[in-house]
Amino acid sequence: MDQNHLAKLMIEVMLPIAILVGAGAIWPGYFREVPSKTLRIQLNRLVLNLFFPAILFSIAATTPITSGLLLVPLLGGIGSLLAAVVLYFLLYHSPVGRNLHNGTRAALVVGGMFGNTFFIGMPVLTFLYGPQAARYPAFHDMLMTMPLVWSLGVWICTRLGPPEANVGRQPIWRVMLGMPPIWAFIIGATLHVTGLAFEPLVHAARMIGEATIPIMMFVLGLSIPWRKLRPNGVILTTAAVKLLLMPLLAWIAAKLLFAPANEPQYAAVIETAMPTMLTILILTDRFHLDTEAGALLVGWSTLLFWFTLPFSLWLVHQF
């Protein structure tokens, strides 16, 4: 990618995201009638139950499922698992994690495994590969991120976290079955496979779902603890694993296992380079982990992402 194209990416993708995140950051200082935590929770619910299912339905209902497309969640999963191994040894068996509470270690391992692959990944990939590239983050989220977060991610929280992480834990299947995005994706994919997709409904869902990314970028700004964003060796090390090492591991896996590479492999490498997902804050709250560490990782990885993204784009061009 030449410098002009990279600059265009930064302006067309980063500028609107930066404005929305900035709006979320300053909002609580000007509009105090609703506490920021309450606002964040309500907006998350709105996205989870309406806007996100709508956009996933519209994508799944119009996307043919191919072996190339399925490589994206597969490579993303490989990258996440390899990053988890590295983070486990760094945080539990090296001087990097010395004197850390298990709640902090578990939060950072999970946060370093999973990225904001849809809400930031989709604008980046659609800029690079066109509107049809929205299928990559959608299938990555539904076939890799969500199943792995609520299985292996929960296992890490409860087994490697503090003892209280097991208190009041719901069965994983019940959590998964209660998620509207999963059902919307399944229904959309089923309608496409059976040829029963109703175009006006798909169009309506697409229009409704357009609100998803702007709202979540605003929520991202609400969620980052801006006043506490001071350099922290452990947080920055975890962010480096997420932003630099994880895409490198995915690139190596793609190079070794799925040559010659084409667009799905490129998309998978870029997806693994996304900053830490916001869902880490839900997990840290639910399983009594270190919520502040999770929020700091979200903040630092999001800020550093725009400086590390060129590395991932360079990797893609080395296939």
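**View 1. Trp27, Phe31 and Phe218 form a cluster linked by ring pairs.** Rings of Phe, Tyr and Trp (its six-membered ring) pair if their centres lie within 6.5 Å. This is a predicted model, in which local features need pLDDT of at least 70, side-chain atom pairs count only at pLDDT 80 or more, and totals for chains, interfaces and linings use all residues. Residues are numbered from 1 along each chain as its sequence is written, and side-chain values use heavy atoms, with hydrogens and water left out.

**View 2. Tyr88 and Phe89 make an edge-to-face pair.** The whole structure holds 10 aromatic pairs. In this one, the ring centres are 5.4 Å apart and the planes meet at 75 degrees; planes over 60 degrees apart count as edge-to-face. Tyr88 is partly exposed, at 29% relative accessible area. Phe89 is partly exposed too, at 48% (the class runs between buried, under 20%, and exposed, over 50%, with a 1.4 Å probe and protein chains only).

**View 3. Phe118 and Phe119 also pair edge-to-face.** Their centres lie 5.8 Å apart, with 80 degrees between the planes. Both Phe118 and Phe119 are buried.

**View 4. Phe118 sits in the largest nonpolar core.** Such a core is a set of buried Ala, Val, Leu, Ile, Met, Phe, Trp, Tyr and Cys residues joined through side-chain atoms within 4.5 Å. Beyond four places in sequence, the contacts of Phe118 (heavy atoms within 4.5 Å) include Phe52, Ile55, Pro137, Asp141 and Ile213.

Technical notes. Phe/Tyr/Trp six-rings, centres within 6.5 Å; stacked < 30°, edge-to-face > 60°.
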